[in-house]
Every structure is written in C-alpha cells, then in structure tokens.
Amino acid sequence: MNWIQLLSTYRIGQAACPEPSVRSDFQRDGDRLIFSAAFRRMKDKTQVFPLEKNDYVRTRLTHSLEVSCVGRSLGSSVGTWLLAKDPALARHGIQPADIGDIVAAACLAHDIGNPPFGHFGEQAMRDYFKSAEATGILERLDNDAQRADLYHIEGNAQGFRITNRLESPDNHGGLRLTAATLAAASKYPATAYKNPYKKNGVYQDDLEDFAAIYQALGIPQRGEQAWQRHPLSFLMEAADDICYLIVDIEDAYQIRQIDHRRALELLTDLAGDMVDPPRLKAMESKSDQLAYLRAKAIGRLVHETVAVFQDNESALLAGARDAPLLKDIPSIEKLRALREYAEKYIYISRPVVEVQIAGHRVLTGLMGIYCQAIANTHGRDNITRADQMLLALLPERFRKSRDSLYQKLLGVCDYIAGMTDSYAVSLYKKLTGISLPVN
C-alpha cells in the first residue's frame with residue numbers, strides 16, 4: 001500500500017460535475033455526516049448508560065463528536081510527520097490537515113450504524129436470528145453467506161450500509177463519502193462469511209461497492225471477501241478507545257456510580273506527569289478537577305499513540321499488523337486498569353443492566369414482529385390483514401428495491417438499527433398493546 005493511493009478522493013457514484021467548494025474533499029465528508037439524519041439520531045442512542053436523564057452523560061452523538069476531535073489530533077500529528085518524511089506527498093497536493101480530516105470524519109462515522117441500546121442491542125438482533133422462531137425463516141435464504149450476515153448483525157457493517165446506501169438513498173453511493181474516509185472508518189473490512197477478523201464490516205448486499213472502494217485505494221485482499229485494514233483505521237480505533245475508556249469514568253461520577261476520590265485516583269494515575277498539581281489543587285469544583293484530568297490523560301495517550309504509529313508505519317502499509325496501536329503505548333497497563341475497573345463497577349452496574357435487559361426484550365420483540373410478517377408475506381398470496389398492516393408501518397425506504405427474502409430481512413434490520421432508544425421502546429409498547437396510540 002502507498003499513501004498517495006490510500007488518500008484517494010474517489011467516491012462511489014461520484015457526480016460527473018462536482019460543485020466547486022472552498023472545502024477539501026475530506027472536510028466535505030465530515031460535513032455530510034454531521035448533517036445526516038442518522039448522525040442526529042445518535043443523540044438518543046446509548047453510549048454506556050441507557051435512557052439516562054442526566055444531560056451531562058454522553059450519548060452516541062456526543063461520544064462521536066469527542067472521538068472525532070481526538071481523531072483529528074492524531075491524524076494531523078501523523079500527517080505532519082508523514083509530509084516531513086516524504087515531500088512527494090505535498091507535490092500531490094496532500095496537506096497534514098487532510099490526514100486529520102480523514103480520521104476525524106471516520107470517527108464521526110464509526111458508531112453511526114449502532115442500533116438502540118448499544119452493543120447489547122446488536123446482540124439482541126443476533127439473538128433473534130439464532131432463535132428457534134427464526135430458524136425456519138433463515139432456511140429459506142439462498143445461501144450460507146446470506147445467513148452468516150443475519151447471524152452476525154453488526155454495527156460496523158450497518159455503518160457502511162447507512163453511509164453508502166440508506167442516507168440519500170436515491171444517490172448511488174448514498175452520502176458519497178471518499179474511499180479514504182470509508183476505509184478509515186472500517187475496523188473489520190470483511191463479510192461474516194469466512195471472516196478473518198473478530199467482527200464483520202460489510203454485508204453481502206453491499207459487497208460490490210465495498211470491493212470497489214478497496215480496489216480504488218490499492219488495499220489488497222486478505223482472503224475471500226476480506227481486505228487488509230486501511231492504516232488510518234488504526235488511528236480511528238485508537239481515538240475511540242481513548243475516549244470511551246476515560247470519559248466513562250467521568251460520566252460514572254456524574255451519576256454517582258463511583259465516588260470522586262476513586263475517579264480522581266484513576267484519572268490522575270493515567271494523566272501522570274502531564275498534571276500541574278498546584279493548578280489541580282486550586283480547583284474548587286470536583287467536576288472541573290475530573291475534566292482537567294480527563295483532558296491531560298487524553299493528551300498523554302495521543303502523544304504515545306502517534307509515536308507507536310510512527311514506529312509501525314511500515315508494518316501498517318504492508319498489512320503486517322493487526323494489534324491496536326494502544327497495545328504498545330507506555331501507558332497500556334494503566335489503561336488496562338481503567339478498563340478492568342469500568343467492566344467491574346460501571347458496565348455491569350444495576351441501573352445499566354436493568355435497562356439493557358429491557359432493551360434486549362424490546363429489540364428481539366420488534367425483530368420478531370417484523371421478520372415474521374416479512375416471512376409470512378414473501379412469495380405468498382394468502383396474506384393476512386394483520387401482516388399487511390404491519391408492513392404498511394414499515395417505512396417505504398426500507399421496502400424499496402428489496403426483492404429477495406434476504407434483502408427484505410435486511411430492510412427490517414435497517415429500520416430497527418436506525419431507531420433511537422426512546423422510539424424503539426415507544427413502538428414496541430404500541431405494537432404489543434402495552435400502551436395505545438390514543439389521546
């Protein structure tokens with residue numbers, strides 16, 4: 001792989017006469033994402049604390065914005081180093097800010113495909129397709145590759161589908177983001193079928209466009225329906241991990257799941273010598289103290305991550321590295337301690353688990369209602385009135401140009417994955433009669 005090709009501005013469905021703009025191609029990627037409906041809906045999607053009423057706590061939306069800021073810092077630092085090392089990049093019109101803008105846009109897109117209730121929501125959708133109820137439906141699909149997609153419903157694959165198809169569906173290429181941004185946003189560039197990664201990043205239905213993007217970037221295949229990762233996807237991944245591990249401690253304090261002393265200890269240990277003790281001590285607000293330590297800890301991890309990227313650039317270009325960049329930073333043990341604490345005291349705390357269990361019931365319930373209606377009506381003439389009404393409630397964009405049973409089931413997943421937490425709960429209550437849509 002080479003940087004000139006990896007930074008390609010090729011877009012699926014690119015307009016023949018693009019409009020002139022003072023913005024770079026990669027800045028336009030970020031703007032298109034921010035103005036998309038799917039991005040706005042993340043304001044009511046779970047980050048860690050489902051349906052939390054405290055406005056301080058992060059949602060998927062605010063998390064993505066923060067990750068994008070860290071990603072821009074990582075990308076711009078790497079871009080400055082790359083251009084100093086290889087002046088040929090500047091002769092091709094590449095600027096350090098371009099690298100920052102690609103990573104920032106990729107970070108904006110990295111969670112856009114997550115369903116309601118976060119990763120627990122993903123699991124709920126998978127659990128439905130692995131249930132006895134769905135067995136007969138999936139037996140009617142054409143092949144194992146299609147079944148693998150539904151057994152492994154994945155926010156990463158859904159994210160590509162949203163940006164490349166579901167947003168601006170009348171355009172081939174959807175939002176028409178650059179190939180560089182789309183690949184940088186993909187941690188797992190493979191289908192669920194014969195997948196070399198731990199997760200999948202594209203469905204069979206989107207494979208043609210996905211392959212075209214990786215071909216345009218000169219990224220080689222790693223196997224059947226699988227590709228090497230774009231080097232900048234490692235920076236996107238690092239920005240995500242840095243943010244959620246650190247800010248979850250801050251959020252947990254705000255909703256009183258951990259006390260101030262413990263939060264202060266964890267963040268102080270990670271920030272290390274970046275902290276100015278007199279300045280910290282002079283702060284009267286406990287929240288301001290944690291915000292200061294959070295900023296210093298992120299700054300420290302950004303510097304360490306950039307250094308690891310520089311040391312591993314050749315391996316990344318050769319497709320010879322799979323491990324996250326954070327694995328090799330000097331602060332990795334402190335970061336692991338933070339993760340272990342969060343997993344033990346935050347992610348499985350009673351309020352989080354209670355809503356997650358309820359969310360699992362909501363999503364598996366909605367999946368069952370709509371998928372069964374699809375199965376009852378596909379290729380059949382004797383359609384019940386109840387199934388007709390249910391499918392009438394499925395928005396047109398999720399039924400349009402979907403001929404096969406596989407595509408129709410993906411349409412249900414598109415609809416449900418795109419819901420906010422609150423809308424999913426409200427719709428489930430209405431369809432099950434828990435609450436009726438009456439005045």
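## Ground rules

The model is predicted, so local features need pLDDT of at least 70 and side-chain atom pairs count only at pLDDT 80 or more, while totals for chains, interfaces and linings use all residues. Residues are numbered from 1 along each chain as its sequence is written, and side-chain values use heavy atoms, with hydrogens and water left out.

## Aromatic pairs

Searching the whole structure turns up 8 aromatic pairs. One of the pairs is Tyr 370 with Tyr 415, an edge-to-face case with 5.7 Å centre to centre and 90 degrees between the planes. Tyr 370 sits in helix H19 (residues 350-377) and Tyr 415 in helix H21 (residues 405-417), so this pair ties together parts that are 45 residues apart in sequence. Helices here are DSSP runs of H or I with at least four residues, strands are runs of E with at least two, and both are numbered from the N terminus.

Are these two tyrosines buried or exposed? Tyr 370 has 0% relative accessibility and counts as buried; Tyr 415, at 7%, counts as buried too. The cut-offs are under 20% relative accessible area for buried, over 50% for exposed, and partly exposed in between (1.4 Å probe, protein chains only).

Elsewhere, ring pairs join Phe 160, Phe 210, Tyr 214 and Trp 227 into a cluster.

## Arginines over rings

A charge sits over a ring if NZ of Lys or CZ of Arg is within 6 Å of the ring centre and within 35 degrees of the ring normal. Arg 222 does this with Tyr 197, lying over its face at 4.6 Å from the ring centre. Arg 229 lies over the face of Phe 234, at 3.9 Å from the ring centre.

## Salt bridges

How many salt bridges does a search of the whole structure find? It finds 27, taking a salt bridge as a side-chain nitrogen of Lys or Arg within 4 Å of a carboxyl oxygen of Asp or Glu. Arg 23 and Asp 31 make one of them, at 2.9 Å from N to O. Arg 23 is partly exposed at 36% relative accessibility, and Asp 31 is partly exposed at 28%.

Arg 161 bridges to Asp 206, with 3.0 Å between the closest N and O atoms. Arg 161 is in helix H10 (residues 155-166) and Asp 206 in the loop between helix H11 (179-184) and helix H12 (207-217), so the contact links parts 45 residues apart in sequence. Both Arg 161 and Asp 206 are buried. Then there's Arg 294 with Glu 250, where the closest N and O atoms are 2.9 Å apart. Arg 294 belongs to helix H16 (residues 286-311) and Glu 250 to helix H13 (residues 231-254), so this pair ties together parts 44 residues apart in sequence. Arg 294 is partly exposed at 22% relative accessibility, whereas Glu 250 is buried at 0%. Shared partners also join Arg 161, Arg 165, Asp 205, Asp 206 and Asp 414 into one salt-bridge network.

## Positive phi

Lys 194 isn't a glycine, yet it has a positive phi of about 55 degrees. Lys 194 is in the loop between H11 and H12 and is exposed, with a relative accessible area of 53%.

Gln 225, also a residue other than glycine, has a positive phi near 60 degrees. Gln 225 lies in the loop between strand E1 (221-223) and strand E2 (226-227), and at 16% relative accessibility it counts as buried.

Methods. Rings of Phe, Tyr and Trp (its six-membered ring) pair if their centres lie within 6.5 Å; planes under 30 degrees apart count as stacked, over 60 as edge-to-face and the rest as tilted.
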